[in-house]
Amino acid sequence: MSILVVIINYRTPELTIDCLTSLAPEIRAVPGTKVVLIDNASGDDSLPKLTAAIERHGWRDWVELIASPTNTGFAGGNNLGLETLKDHPEVRFVLLLNSDTLVEPGMLRYCLGVMEADRSLGLMSCLLLNADRTVQNTARKFPTPLRLVAQDLALPWVLPRLFAWADTEDPEWDRRGAARDVDWVGGAFMLVRRDVIDRIGGLDDGFFFYGEDAEFCHRIRANGWRVRYDPGAAIVHLGGASSDPARLAARQRNVLQWQARYLLQRRCYGRSAEWLVRGADIAGSALRYFKMVALGEAETPRCQVQRDVLTLLLTWPTASASGKT
């Protein structure tokens, strides 16, 4: 059961070291497991800290540290790790794991067992917990154009009995206790069958940050595999470490989120879907903004945020931050 774990570090060396520390017992429990650690051009003291930790803890036998010369984003960084598969024909599974995670005991063996037992599964995720042990929503309905337009009109919340299908958060099931097939899972933990990557490739590096996990799951399902969520194993996901304001400016993060939203529609449904969703977003944002103004709330922080969103949607291009289409 050979597995390659790909972890991206971007200015989070302490968190990455904690992640590797939690992963070490899993490595010993599943022989043949290797880790490729990509430093995504952090430009800080990440490389010396990671190198020292690998030496100090004796991880050199199972951790390969690669320094990327440029920051290629989440998708590009993971793809750099996936390129090492050509040197590892024995690898049967790949785990894409965030650096801001802590692995719970038995996770790796349990998840491999699930994948081994059902060859129709292309990708799976496990239970993701916040630091306070509450459950993160890592499994959602896919944001189809119709669902997003309905959300712009607030229909899932105004008329929930008629439009619950459009709530992409999919709140009506117990993620702590129920395993099920899902549309897509978040990129903090994605265990992928090697055959999937050999056939459809890795992540779409047209996405710099955000959106690549949903597109990857969509492509996997379009090629006949299933995407599975199973809470029988767990990790703690601290969340947002690489995108906090100290590492990624808030405005840049907002731009990346909106660009990923439209690029996802283009990739999965075509240009017409992209422009439909963009138009609905602009209309919905404008309606909310002018309603606040009419109610005398123009100077409130909430209205100013809505104005900023509307301005961004009207002025920023839909292409991904990396410039790829």
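**Salt bridges, cysteines and a surface patch**

R140 and E169 form a salt bridge (a side-chain nitrogen of Lys or Arg within 4 Å of a carboxyl oxygen of Asp or Glu), with their closest N and O atoms 3.1 Å apart. Because R140 belongs to strand 7 and E169 to the loop between helix 7 and strand 8 (180–181), the pair ties together parts 29 residues apart in sequence. Helices (H or I, at least four residues) and strands (E, at least two) are DSSP runs, numbered from the N terminus. The structure is a predicted model, in which local features need pLDDT of at least 70, side-chain atom pairs count only at pLDDT 80 or more, and totals for chains, interfaces and linings use all residues. Residues are numbered from 1 along each chain as its sequence is written, and side-chain values use heavy atoms, leaving out hydrogens and water.

The count of salt bridges comes to 20. One of them joins R261 to D281, with the closest N and O atoms 2.7 Å apart. R261 lies in helix 10 (residues 250–269) and D281 in helix 11 (residues 271–294), so parts 20 residues apart in sequence are tied together. R261 is partly exposed at 23% relative accessible area, whereas D281 is buried at 2%; buried means under 20% relative accessible area, exposed over 50%, and partly exposed in between (1.4 Å probe, protein chains only). D118, D181, R226 and R228 are linked in a network of salt bridges.

Zero disulfides (pairs of cysteine sulfur atoms within 2.5 Å) were found in a search of the whole structure. The sulfur of C19 is 12 Å from the closest cysteine sulfur, that of C126, which is too far for a bond.
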